[in-house]
Amino acid sequence: MGKEGGCGQNKTMVKQEQELANRPDNTAFTQQRLPAWQPMLSAGIVIPGFVIIGLAFIGIGVALFITSKNIQVMEMDYTGFEPDSDCFKCSNPEEKNCVCQLDFNISSRFEGPVFFYYGLSNYFQNYRRYGVSKDDAQLSGDLDNFKSPSDTCSPYDTDGIKPIVPCGSIANSMFNDTFLLYREVNGTNELVPLDGKGIAWWTDYNVKYRNPNVTPLKEAFEGTVKPLFWPRPAYELDTSDPNNNGFINQDFLVWMRRAALPDFRKLYRRIAQGDYARGLPAGNYSLKIAYNYPVLSFQGRKKVVFSNVSWMGGRNDFLGIAYLVIGSMCVFMSIVMLIVYAKFKFPEED
Amino acid sequence: MEDEPNRGEVLETTRGAMARDTEDRAAGTHKAERRQRGRSKKKPKETRTVRVHTGHEHNPNRHYANNRIKTTKYTVLSFLPKNLFEQFHRFANVYFVFIALLNFVPVVNAFQPELALAPVVFILSVTAIKDLWEDYRRHRSDTEINHMDCLVYSRAERRYVERFWKEVQVGDFIRLRCNEILPADVLLLSSSDPDRLCHLETATLDGETNLKQRQVVRSFFDLDCEFDPLKFNGIIECEKPNNDLNRFRGYILHRSGSRDALYKDNLLLRGCTVRNTEEAVGIVIYAGHETKAMLNNNGPRYKRSKLERQMNVHVFWCVVILLLMCLFAAIGHGLWVFQYGDKRPVFDVLSPEGAELSPVVAAVYLFLTLIIVFQVLIPISLFVSIEIVKVCQVFFIHQDQDLYDEDSDSRLQCRALNITEDLGQTQYVFSDKTGTLTENKMVFRRCTVAGVEYSHDEVDSEEEEVPPPGGSLRRDSSSSQQSSRVVLRSLSTKTHRRTGSRADAKRASILSKHTAFSSPMVSMVLVLVLVLCLLCPVSSVQCPVSSLPSDLADIMDFFMALTVCNTVVVSSPNQPRQKSKSPVKTIEDFIKRFTPSRLTSGSSSSSSSSLATSRSSNRGCSGLLSSPSAESTLAKLQEEQAALGSAPPRYDGTPRSPEDGELRYEAESPDEAALVYAARAYKCSLVGRLPDQVTVELPHLGKLSFELLHTLGFDSTRKRMSVVVRHPLTDQITVYTKGADSVIMDLIKPPDTGRKLSHELVLRTQNYLNLYAADGLRTLCIAKKVLSKEQYACWLQRHLEAETAIQGREELLFDSALRLETNLQLLGATGIEDRLQDGVPETIASLRQAGLQIWVLTGDKQETAVNVAYACKLLDPEEEILTLNADSHEACALLLEETAKAFLPNFAPFEVYPPSSSSPHSAAFTVHRLGLVIDGRTLAYALDQSLEDRFLAVARSCRSVLCCRSTPLQKSTVVKLVRNKLKVMTLAIGDGANDVSMIQVADVGVGISGQEGMQAVMASDFALPRFRYLQKLLLVHGHWSYSRLANMILFFFYKNAMFVALVFWYQFYCGFSGSAMIDQWYLIFFNLMFSAFPQLVTGTLDKDVSAETLQQLPQLYMSGQNSEEYKPYMFWMNMIDAFYQSLVCFFIPYFAYADSDVDVFTWGTPITTLALLTILVHLGIETRTWVRTHVSLFFTVSLCYNASCPSCFSPSNPYWSMQRLLQDPLFYLLCVLTPVAALLPRYVQLGPVPLPLDLWLCPVPLPLDL
């Protein structure tokens, strides 16, 4: 409003003083009189401000901490590093098609929905040259890039003669351990249904990654080879569900989304069906692991994680603690400031 | 007819003198001239030969530039390469291009190579578009100018035809009409003016608005018929083109073999406008780019500001930090690769050839990659941003209404675009006095003639200052009570102070013992002198003027000198060519008119004086004196003389022709004009000035024409000027000299040979001069000398030799002038007041409060200068004044030594000036309450290398320094000395040509667009209409510009460091592989788009303190002087802060997402967001004034950034991550927590401990308007 008023005033002034051609315009803008707010950071504002911020943070921190504490998390390493572990036998890279078993007990009900993750440690999916080693065009179903993959995939673009599809290091190094979860019910092992749908991002599944528009899918891969480390070609990733093959295989999509940090977990399945919709009941469980993925060569670790989530995501005590710490610091600061302020202020008044 | 050749010679010498006249004034151009001379010496041919352009195919002058001008830098083809070449002169641009190109190396590439080019291309194209636009505008104006019309003689058609300017060639004949602009530098060959003159307005060249006269070349002078180009057959030899406007030399070689010298006064310069001349014809000598106007046209100046120099150091440090970070990461990467040994993990990618990289090679590659990844640390947009901000600052300074002067309708001009912030860091101000502190409107205040002092009432001066078009003369005569009066005083009468009110002055004049007699009385005295002089020949056949009562003769001579001894041009709006049509030619004539019945024409004293009018036409006799009968006049005269002492007699004044009142004097210096106006007020008015004749009108007598033989112009070395005239009545050759008292007094004839009173006269006059100076008046001495015919002939011969010399003409002419100006007879002295400009004492006081040291360097004499210094509060009566006047080097050394010992106990000759780091308080203590006054001669010794340190030590501990009688060179030497030795920021302010060198030397040059032309303005960085505007310019705009830029630069460093550090921390978690969790688009455009714009707004609009406060508390300015807003430690503090904040912004998300299924960009995007938020909130804290636009702008930018990221920036990975994030409460929690944590130290710093600024702010109510 102030500015508009200034402009109007200006017009009338110009009319009056037309003969003075060089007179600068008298607008709030040109005269640098734009309405402005000059916050005075006086003690009277800063100290109460700090107290309010501090208290608010402490409140949020407590809420976050409680929420986080209520989240159940169960982590189990199955690298087979220790000789007494069942998977020890599989940790030898020479061993092929090795299956090991991991037994565990849940003492009280694990509230659902339960998320089933696999985790890798010391695995640098964020390595720069690893990260660029893929062909986005190929992965979006461009058949031209089937024949000649992008240079970025090098050296995993061809096997020397035929192009590799999907090319690149990321695809090549896809995690290929598989898990089956059994619950001991009345002495027999009952398979716990694992939901592998919708574990990848919706946009990845529907937009970013596309299979070529060829049926059957196998024909599209004519003249290409599977990545070196893969046991099966891409169009046979999921034998049980034909719609979960090729580039839109959910496990593939999850893998292709590179982890930010060298210790990461990735969603494997959700446990949300049938009897287990409300979670995992207490009892004994055993996890059958098809151990295919070697990690010991680079001091890596593999683990499985069962976790449920809250509104703020997975269990993470840090954020709550951080809020509490920062909040307390604010309150503490305000007290210090008050003392300093008192010392500064009152002698002057005397 | 027999004296025809003689006259020609005389004319030539006159012209030569006039040519010399202004040559020495252009102090600033001396250097250029010397350079030009030096250059031309190297070339085989030193002159240019111009032949007539005959119109045939082979133009003899074709190898000279034609008149087409092209000021554009580029052509369509050359634009790209040339512009790029120019831009790559800036080191930063080369660096960025290098980095972008590095991306194309496959093993190194970090980003998409095309993408990496984007910022560089953006920056380069912004600059290129700006250049292109400027060039296009130049091109348009060029075309316009090239297509202007002018009349060129066509030999084929035998007439003048219309041509475009661009078609004009050297050797063409051009016909110029009134009010036409000259298309090229033209040698004037013919003019319709009967006096063969051509009047020019040169305002576009030098800004001087007075008309200049140019003369037809001598051999074409007497052409009766119209000039016929076909008959011209000479060859013109002249100088090579040079940029000195006041210099032109050459000659015409006629076919007959005779040579004709050419002078500056024959040359019409391109760009000037022909005025008051119906038609003129000339031949083109220099065309197009070789014209003097074009050679003088050197675009805007480029200076590098102090802040920018400081900044460059820190840019260098940024490079060092960058390299260290890269080196660290490269070593880390080498170790990381090494730890895996031969067993490469699945995630390690082999090189394209399938070979494994050795750790060392991998490290080297990574080093290069990281230089690209971390390139943001070097702020690519900083340079562009600084330029944008400075342009905005210049805009605002330019727009400020407080810097607008209504009287002259002029506002401040910023001529240098890139040193606005230097205004906020100035420590020393060097000021000229005349015209800068004072109005430079000279008012004739007092005079002393023959040892008797006359005071000039102030009432009159008001009228005199602005002569109304109707003429002050008539008013004077009709209302004599209030008109000019001269107070005759005895020696003992105490002079009344100038400081007294007008009424006081009037009373004083009335109460003075001797009765005031009004100006008509003086004119009566003049008349009386003349009458007596005339009566002499009647009573006794031989009657030299000296036999007259000496007082009266002196008064007459005095006023004659005032009227004649100058270079004032007379003009009137209605009558362009003002001249005396029928002046009194001879004494006989005069007698005939004056006393037709009583005086007989028995005298034959003058025979040759008739030549003065030989050329004047007989058109009209308007100048004829239409006085009442002379007899009655004479009777009245005597009556009035008898009544001297009683009440001022009534005086009706003689009826005069109406146009007389409209006479206007256009003088090159205001002093001259003041003297001529003053003389006119006493009825001794200059009515016409021609190159060879000066016409003076006297009451009752009409017009007298003096034959002007020579004018020896003013120069700063001689400090005087002289005219040699032939007195029309006595036919004596008289030299009138006026000049600085110090030089004139030395030239006065020794008493033994003169009259016996002479010595006493000199003493008395000196006494008065001292009184004048004490009153702050500018003094001039007037002297004369009568030459015998033999003496004159002797001098003339050598003078002519000097004038015709080609080599060293200046020196010879100088010597010639010295020979003439000796043994003078003192007539009197004048005191001219130059009033202080409004607000000068206040401005000086407030500038001084602001911690600025003010030195005044003036050419005036010491007493005058000291007095003005007191008046403008530069010197304080309470402080002690050190006056340094020494006659020799040794004396000066001794004086300085003693002064130093006496006043500066802690004196150390080579002590370094307390550098800018010291606090304002400690700096204030080093300055004593002393004023230093030093005169020019002593200054010359003090500026000697052996003494300069000592002099500076003394001078800088004084509160104020006043250098009097200093030459332009000394002024610039002082400024240079202070700037270089004390390492301080200097500002020089001045208005005249003598200040040009000082203005150019100082860090900031300020010109006052005042009375003395435009030379100072042309040389300056800022041009002000008045001195008092300096206060707001420095205290407000300087402070703002500095603090805004300083903060902006620091902020740029901070934000880039902070952003890059985020990526650096990530290297610890990605095997030092150079990968970034921040998308490459964000990384590259962060600097350019997301964070730069709010920063620009802040840099342009932020106000740390309001304008009112800054002006009320000038102490605030010291923060800029001490560079408090931008100190080296601040850079490092900001860097540390940046690293701290980036740690917070990195590790809070790190722990928050630790051990989760977060992917690279889902994790990196929050970090980017957090960093941006932190940076913006930080900016918010730093910003003192929150203009509402800021707040909205933050949101706009943030939202744009958020909204645009999935769709437009992401053919690559982070598709939809922002959208996912916005659904995640964790993201918001982070957004709240992180900035608070990151900025906690800043908050605390701003807490209850009051900032120094806040203390100052407290007492002033602040406008809170939201």
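In chain B of this predicted model, helix α10(B) passes helix α34(B) in a right-handed crossing, meaning that the near helix is turned clockwise from the far one by less than a right angle. Helix α10 covers residues 380-399 and α34 residues 1092-1101, and the two pack at an angle of about 35° with their axes 9 Å apart. Here axes are lines fitted to C-alpha atoms over the stretch in contact, with angles running from 0 to 180 degrees between N-to-C directions; helices are DSSP runs (H or I, at least four residues) and strands are runs of E (at least two), numbered from the N terminus.

Now look at α8 (306-340) and α37 (1128-1152) of chain B, whose axes come within 11 Å and cross at roughly 35°. This crossing is right-handed. Trp317(B) and Met325(B) are among the α8(B) residues that meet α37(B), where the partners include Trp1132(B). The contact holds nine nonpolar, two polar and no charged residues.

Finally, find Lys433(B) in the loop between strands β17 (428-431) and β18 (438-449). Lys433(B) counts as buried because its relative accessibility is 2%, under the 20% limit (1.4 Å probe, protein chains only). Beyond neighbours within four places in sequence, its contacts include Asp860(B) and Val868(B).

Residues are numbered from 1 along each chain as its sequence is written, and chains are lettered from A and ligands numbered from 1 in the order in which they are written. Local features need pLDDT of at least 70, side-chain atom pairs count only at pLDDT 80 or more, and totals for chains, interfaces and linings use all residues, while side-chain values use heavy atoms, leaving out hydrogens and water.

Technical notes
Contact means heavy atoms within 4.5 Å. Ala, Val, Leu, Ile, Met, Phe, Trp, Tyr, Cys and Pro count as nonpolar, Asp, Glu, Lys and Arg as charged, and the others, Gly among them, as polar. Buried means under 20% relative accessible area, exposed over 50%, partly exposed in between (1.4 Å probe, protein chains only).
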